[in-house]
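Colleague: Hi, could you walk me through this one? I'd like to start with the strands.

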Amino acid sequence: MKRIYIPGDVIDEPVAKSLAVREDKGKLYATVVGTVEGKSFIPFELAYIPVVGDAIVGIVYDKKPSVYFVDTNSSYTGLVIARDLRGAELDVGDVIFAKVKKVEEDSIVLGDIKILQNGKIMSVPSSKIPRIIGKGASMLNLIKDATKTVIYVGANGYVWIAGKDVGKSVKAINAIIEKAHLSGLTDEIKQMLESD
Amino acid sequence: MSKYSVISNVRKEFISSFLKKKERVDGRAFDEMRSADIQVNPVPHAEGSAIASLGKTQVLAGIKLDIVEPFPDEPTKGVLISNAELLPLASKYFEPGPPNEVSIEFARVVDRAVRHSEALDMEKLFVEDEKVIGVFMDLYVVDYDGNLFDAAVLAASAALKNCRLPKIEDGKFVRTESSGNLPIEEKNLPVSCTFSKIDGSILLDPGMDEEMASDAMMTLGFTDGHVVSMQKRGTGSFKKSEVLNMVDIAFSKHDGLKKVLEVSS
Amino acid sequence: MDVELFKDGKRLDGRDVEDLRKPLKLEVGVLQKANGSAYMEWGKNKILAGVFGPKEAIPKHLANPERGVIRCIYTMSTFAGLEDHGRMGPNRRSIEISKVMREALENVVMLEKFPSTIIEVYVIVLQSEGGTRVSSLTAAAAALMDAGIPMKEPIAAVAAGKAGGKVILDLNKDEDNYGEADVPMAFTKSGDIVLFQMDGKLSKEELETAIDYGWKGTEKLFELQRKAFEEEYSEPLDKKLRMVE
């Protein structure tokens, strides 16, 4: 079994500093529960903090003449500036896929907006997103192909799914969340998708 | 419109798109409950306790017995008092604070199912002049994934069924000594079925998303062949034929739910 | 009242002065809807902790633009004790405990990373047997770790005290009721005291022994917290509260 680190544990490997790894007097410490893979510290759970460039999925919940407010499944309110849409309009209730352009104290400005229609939105722990996507999007493509669905994965933990077998892809994603920390994940998901 | 109601509308549209195809999002049949399970006596300090799960919803019921004064108009009958707390750790939708209309309605609906099932014979709870047994049944919602009511009625019935009766000496409880179980008519123990109406479809045991998308809901408490309590909730409405149909579905679930209760002892 | 609390050199429940009560069990990830959770059984105490956040601080006046804030609420079920039916809702005791728990947690949670947000820590004592605040805090710290909220280090808590004339660790209900002193305390893993209360009567030497016992006790609890995560992540995540074996 891989070694599990908990907050306060010294990490002797040369991993990169992040929200999950802090440095104190030349030593690295885990701040959350996780494990080391190669040169990275992989948190098992981590609260989402947006970074410029993140692609997220959000839900428009309010509109003012010049700005739309977007739920981002986090403590940050998403803002879409109306003039950035160049004449296009959003409605309350629209699900959007967007890029984080700017991070402020308690809000994020969103751009490159794409409206997503007729799909299911599910919420997953943001720390599991890398596993759901997989190396070179391998896991995500596996699910999409097997279930004939379109899936948008937001770094914020909202996942949007539409297409033929939405139920099955939800099941696969839930299985990834439950087993993300175990080995043999890809094979197991493959088997699950091939069954029935 | 609040942020939450917008989000729930988005989910409702998705649920509706399934209902048009006569399907539920999680693949269940319209009259299919999630799996139910009961753990008995998780809190031995209570005279009776049980934790029931329905899918991922979990409710803990605990019963404390005290010797109390009877109500003046029913001097020979015991007293049943129920309260509920929607623990904020159970859901982001629960806020800490004093009981609100949702938690009070919840406690009262479960209370009525228990009371009118007559599983508990109040006359048998008489101790002596001015003294009767008070049954304090409290419900704690531990994890909320839709349909608190049916999980709570299961927990309440299982807690009642396994409730010890402390020895009574000089009109007082000696809690360290038992004198058997609280007198219960087991065949009368109630179970319940909650239905959700969404776009004209009626679904048994709504999950969280279905509950939030509901136009109206109905909870039926029942025993074998008798409805003992009903509560319609939500702003929408039902037709008479729908109500009667729900009674049929509920009755067809009686034996299955009772089996879950039987295993719990 | 004079009550014998020792028999043949052992405490009435068979423990030595420095032993923790049994069972001593901690499980994380027991709740579905909370972002992090923990369930602890310690002696007859049964504690459930759930954490939400960081989330937008509402109402807005709670928000601090410099750092996140913690809301901590400790409550007890109405049937937790051996006595009569208790009252639902907060009381003076639970409000004080909530405050000192919150202040302990503020030492280790990296709130500076989460300005303008709130982190909610909810604890309910389902069954009680003395020492509920320290078991609640130990469980709450585990629930915060389970939620993936960055922390500098863990904290854990235990009570020491004096009963039957001897300094002892981890008082049970009788030792608390009939003993001479109770000292609930919490340490960070690097040894800082982040919660400390005392009532009763102790000499300076006795107090020092109590603190030393407390530190040794919390070291065992840090191991328990670690073990809980090792168990959680050695198999598929299964979020369900199991209180009965």
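Modeller: Happy to! In this predicted model, β3(C) pairs with strand β4 (residues 36–42) of chain C in the antiparallel sense, over 5 bridges. Strands (E, at least two residues) and helices (H or I, at least four) are DSSP runs numbered from the N terminus, and two strands pair if DSSP finds at least two bridges between them. Residues are numbered from 1 along each chain as its sequence is written, chains are lettered from A and ligands numbered from 1 in the order written. As the model is predicted, local features need pLDDT of at least 70, side-chain atom pairs count only at pLDDT 80 or more, and totals for chains, interfaces and linings use all residues.

Colleague: Which residue stands opposite C:Val28?

Modeller: C:Ala38 in β4(C).

Colleague: And what is the strand order in the open sheet of chain C?

Modeller: The order is β3-β4-β5-β7-β6, with mixed pairing among the 5 strands.

Colleague: Why do β3 and β6 of chain C each have one side without a neighbour in the sheet?

Modeller: β3 (24–28) and β6 (69–76) of chain C stand at the edges with a single partner strand each, so one side of each has no neighbour in the sheet.

Colleague: Switching topic: how many residues does each of chains A and C bring to their contact?

Modeller: Chain A gives 24 residues and chain C gives 29; residues are in contact if their C-beta atoms, placed from the backbone, lie within 7 Å.

Colleague: Last one: where are the domains of chain A?

Modeller: Domain 1 spans 10–43, domain 2 spans 55–116 and domain 3 spans 120–194, with bounds from an automatic or database domain assignment.

Methods:
Contact = placed C-beta atoms within 7 Å.
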